[in-house]
Amino acid sequence: MAETKMYGGDTTFLLRSPAATRRVASLPSHVSFETPKHTRLGVLAMAVKRSPKRLKYSAPKFTKEDGLVYVEVDPAGADSWKLEPVVQLLKEGAVGVIPTDTVYALVCHLKSHSAIERLRRIKNIEPSKPLSILCHSLRDIDIYTTGFPRGDGQGHANIFRTVKHCLPGPYTFILTASKELPKQCVRYGTATAKYASRKNVGVRLPDDAICQAILEKMDAPLISTSVKWPKENEWMIDPVVIADIYGPEGLDFVVDVGVRVADPSTVVDMTGTYPKIIRQGKGPKLHWMEDESDLSALEDLIPTAT
């Protein structure tokens, strides 16, 4: 098991939240947690074992040899100062796990080619599989994609103002990538003739205090993919277990805000004539979105979205 390190600023210290203290004091060495069935997406309930000693922190400065950096923070962001080492690691090319408003995400810096390759290797993602990006603002979306349809007189509706009302929120929008987006993040996408030769990418603007606190301090969006069990198509919702499973694979850090519900984002393809839902998730279907009756043909278009 990878050693767990904690630090902050220039001072070495011990961090333990009241919740963590209670968890260590009151739980036996292994406790099973079961998540409810996620009927809409067919996610199976799984029992996982937590390892309380993962929550005991010591702290020299981070190096890869020192192992995993594990940071436990308040989900509301009251102690977001603890995230400073995470931001610095991301800028240096680290790959780690952070919370979003849906499920936990495996992330790295958008402009670090080596980190993107490591992220793909850690999760065993095929090169042809598109990745998502986590954005801090609509401005980021405009820089790294061609933006939301604003109406062009050729059948594309002007829905930009409508989309703004559901962001930030639990949606992944598939948009046409701009030249600013690294080629490692995209693939050739839709079967729509007009866009068959263009590259698409899933974009997210999460409504999560911790995720936004990290993105606010970055100089670019984060490459993102949801965290799943290595050999199962099921989301991992316990950060302690994520650290145990992916730490030995080369994960650099984990930000823990507690156990989450396996409820991923709703994926909406914006590259066609009308916005089309290709995966129903946490975000509700809005009146301007179309349902996709046959999802099997579009499975390869769904980014590894959170």
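The charged end of lysine 228 sits over the ring of tryptophan 235, at 4.5 Å from the ring centre. The model that shows this is predicted.

**Aromatic pairs**

Other rings meet each other. A pair of aromatic rings is described by two values, the distance of the centres and the angle of the planes. The search of the whole structure finds three aromatic pairs. Two of them are set out here.

| Pair | Centre to centre | Angle of planes | Type |
|---|---|---|---|
| Phe148 and Phe173 | 5.3 Å | 85 degrees | edge-to-face |
| Phe173 and Trp288 | 6.4 Å | 20 degrees | stacked |

Why is the pair of phenylalanine 148 and phenylalanine 173 edge-to-face? The planes stand at 85 degrees, and a pair counts as edge-to-face when that angle is over 60. Phenylalanine 173 and tryptophan 288 are stacked, with 20 degrees between the planes; the cut-off for stacking is under 30 degrees.

Where do these rings lie? Phenylalanine 148 is in the loop between α4 (138-144) and α5 (160-164), while phenylalanine 173 is in strand β8 (residues 171-176). Their pair therefore ties together parts that are 25 residues apart in sequence. Tryptophan 288 lies in the loop between β14 (276-279) and β15 (290-291). Its pair with phenylalanine 173 ties together parts that are 115 residues apart in sequence.

Phenylalanine 148 and phenylalanine 173 are both buried. For phenylalanine 173 the relative accessibility is 1%. Tryptophan 288 is buried too, because its relative accessible area is 12% and the limit is under 20%. Ring pairs link Phe148, Tyr171, Phe173 and Trp288 into a cluster.

**The nonpolar core**

The largest nonpolar core has 73 residues, and Phe173, Ile214 and Phe253 touch the most other members. What does isoleucine 214 contact, leaving aside its neighbours within four places in sequence? Its contacts are Leu83, Val86, Val87, Leu90, Ile98 and Leu222.

**Helix α3**

Helix α3 spans residues 113-123. Its buried residues are Ala115, Ile116, Leu119, Arg120, Ile122 and Lys123. Why are they on the same side of α3? They cover an arc of only 165 degrees around the axis, and that puts them on the same side.

What do the buried residues of α3 pack against? Their partners are β6 (105-109), β11 (222-226) and α7 (239-246). Asparagine 124 follows α3. The phi of asparagine 124 is positive, near 60 degrees.

Definitions and conventions
Residues numbered from 1 in each chain as written. Predicted model: local features only at pLDDT ≥ 70, side-chain atom pairs only at ≥ 80, totals over all residues. Heavy atoms only, no water. Buried < 20%, exposed > 50% of the residue type's maximum accessible area, 1.4 Å probe, protein only. Helix = DSSP H or I, 4+ residues; strand = E, 2+ residues; numbered from the N terminus. Arc of directions from axis to C-beta. Contact = heavy atoms within 4.5 Å. Core = buried A, V, L, I, M, F, W, Y, C linked by side-chain atoms within 4.5 Å. Phe/Tyr/Trp six-rings, centres within 6.5 Å; stacked < 30°, edge-to-face > 60°. Lys NZ or Arg CZ within 6 Å of the ring centre and 35° of its normal.
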